[in-house]
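Q: Hi! Could you walk me through how some of the helices pack here? I'd like to take them pair by pair.

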Amino acid sequence: MKNILELCLADGLGGLEMFVATCYEDFSKKNTCKLVVSPDSKLDNYFDNEDKFHIKRNKFFPIFPALKLAKYIDQNEIDIVHFHWTKDILTAVLAKLLSKRKTKLVQSRHMRMTRFKDDFYHKWLYRNIDMMHAVTLEVKTELEKFIPEGIRPKIEMIYLGTDIPEVDEQKVQQLRAKYALQDKFVVGIIGRIEEPKGQWMVLEVIEKLKELDIVVLIVGSAMDEQYLAKLKQYIIEADIEDKVIFSGFTKDVAEHLKLFDVNILATEHETFGLVVIEAMANKIPVIATKKGGPLEIITDGEDGLLFNRTVDDLVEKINLLYSNKELKKLLVTKAFEKVRTTFDRAIQLEKLYRILSES
């Protein structure tokens, strides 16, 4: 049994950070697992417990957080440092070299790799990483392509997973009343409010469909206030103020998903798309961009719908689900079965824990 440290100094609270939280919560039940986060970050505030260690990332003097991390590794007899955020790679490598222990470094790679890592600096970095966990086959292929074979860590591909959630139905009804949804057809989109996530596209769709009894529920916190201001200005100009609801950040993701008639993933190129399998687990039909992770999750027309990231195509797909209840029923049935067989969280985490322990 190995002592594991989950490291993430990112400020946000998206899919990557939530996966860190999931790993920590699961691995803590199996053995000693420590958590290192940035102070007052969203991930730090997400945890109520005090069993976490704070390190502030230092872009210009990375040796300082690395020294602090190395000391923590030695004091807690850490065997494996499992990090996720690409910007933590230098801190993790320096801490490994400064530590007195023969700690192993494992990175879960959540983002794509699009250029060769064959310069001296990157060769040094990757030579000191023991293993990489790719969250999709596409990411695995890119790692094998762009990291030179001589210094490339061992690469394992394991999908992310989700639970079949226990939903608080009373809270669902309270939320339905709060947002005054009644019997409206609800188009939902979940994620950080920033331009790449595509909320603007969903608003354009709603404008085109505003004669129908459709509303959009945008769930997530704003990462870009200027972008949020543009969205709100567009809503006024398009005269769809009564058709758009912003929930803000919430921990009650499953309860919000249950309000949706369809969940949209409109990111241009989502590496995986955790919200896709969460919607599938909640028996909510999904329309997702025909690119990246969704191509490995969804069989188009069988357990979800893919669209080419144009407003017109998204209008067509939403209209299809709006008018075809039988199709909705078929998609969610097949999607739910796929989650149980391919994207079950407990199974995927057990695979990851095993390869971490064997590293």
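A: Happy to, and keep in mind that this is a predicted model. Let's begin with α8 and helix α9 (residues 225-237), which pack at an angle of about 5 degrees, their axes 11 Å apart.

Q: So how do α8 and α9 run, roughly parallel or roughly antiparallel?
A: Roughly parallel to each other, because angles under 35 degrees fall in that class.

Q: Which residues of α8 and α9 meet?
A: On the α8 side you have Q199, W200, L203, E204 and E207, and these meet Y227, L231, Y234 and I235 of α9. Sorted by class, that contact holds six nonpolar residues, one polar and two charged.

Q: Where does Q199 sit, and is Q199 buried or exposed?
A: Q199 belongs to helix α8, which spans residues 199-208. Its relative accessibility is 1%, so Q199 counts as buried, the cut-off for buried being under 20%.

Q: Nice. Changing topic, how do α3 and α4 cross?
A: Helix α3 (residues 63-75) and helix α4 (residues 89-98) have axes that come within 8 Å and cross at roughly 50 degrees. That makes α3 oblique to α4. The crossing is right-handed.

Q: Which residues make the contact of α3 with α4?
A: From α3 come I63, P65, A66, L67, L69, A70 and I73, and from α4 come T91, A92, L94, A95 and L98. Eleven of the residues in this contact are nonpolar and one is polar, with no charged ones.

Q: One more pair: at what angle do α13 and α14 pack?
A: About 100 degrees, with the axes of helix α13 (residues 311-323) and helix α14 (residues 325-342) 5 Å apart. That makes α13 roughly perpendicular to α14.

Q: Who meets whom between α13 and α14, and which classes are in that contact?
A: L320, L321 and S323 of α13 meet K325, L327, K328 and L331 of α14. The contact of α13 with α14 has four nonpolar residues, one polar and two charged.

Terms used. Residues are numbered from 1 along each chain as its sequence is written. This is a predicted model: local features need pLDDT of at least 70, side-chain atom pairs count only at pLDDT 80 or more; totals for chains, interfaces and linings use all residues. Side-chain values use heavy atoms; hydrogens and water are left out. Helices (H or I, at least four residues) and strands (E, at least two) are DSSP runs, numbered from the N terminus. Buried means under 20% relative accessible area, exposed over 50%, partly exposed in between (1.4 Å probe, protein chains only). Axes are lines fitted to C-alpha atoms, for helices over the stretch in contact, and angles run from 0 to 180 degrees between N-to-C directions. Angles under 35 degrees count as roughly parallel, over 145 as roughly antiparallel, 65 to 115 as roughly perpendicular and the rest as oblique. A crossing is left-handed if the near helix is turned anticlockwise from the far one by less than a right angle, and right-handed if clockwise. Contact means heavy atoms within 4.5 Å. Ala, Val, Leu, Ile, Met, Phe, Trp, Tyr, Cys and Pro count as nonpolar, Asp, Glu, Lys and Arg as charged, and the others, Gly among them, as polar.
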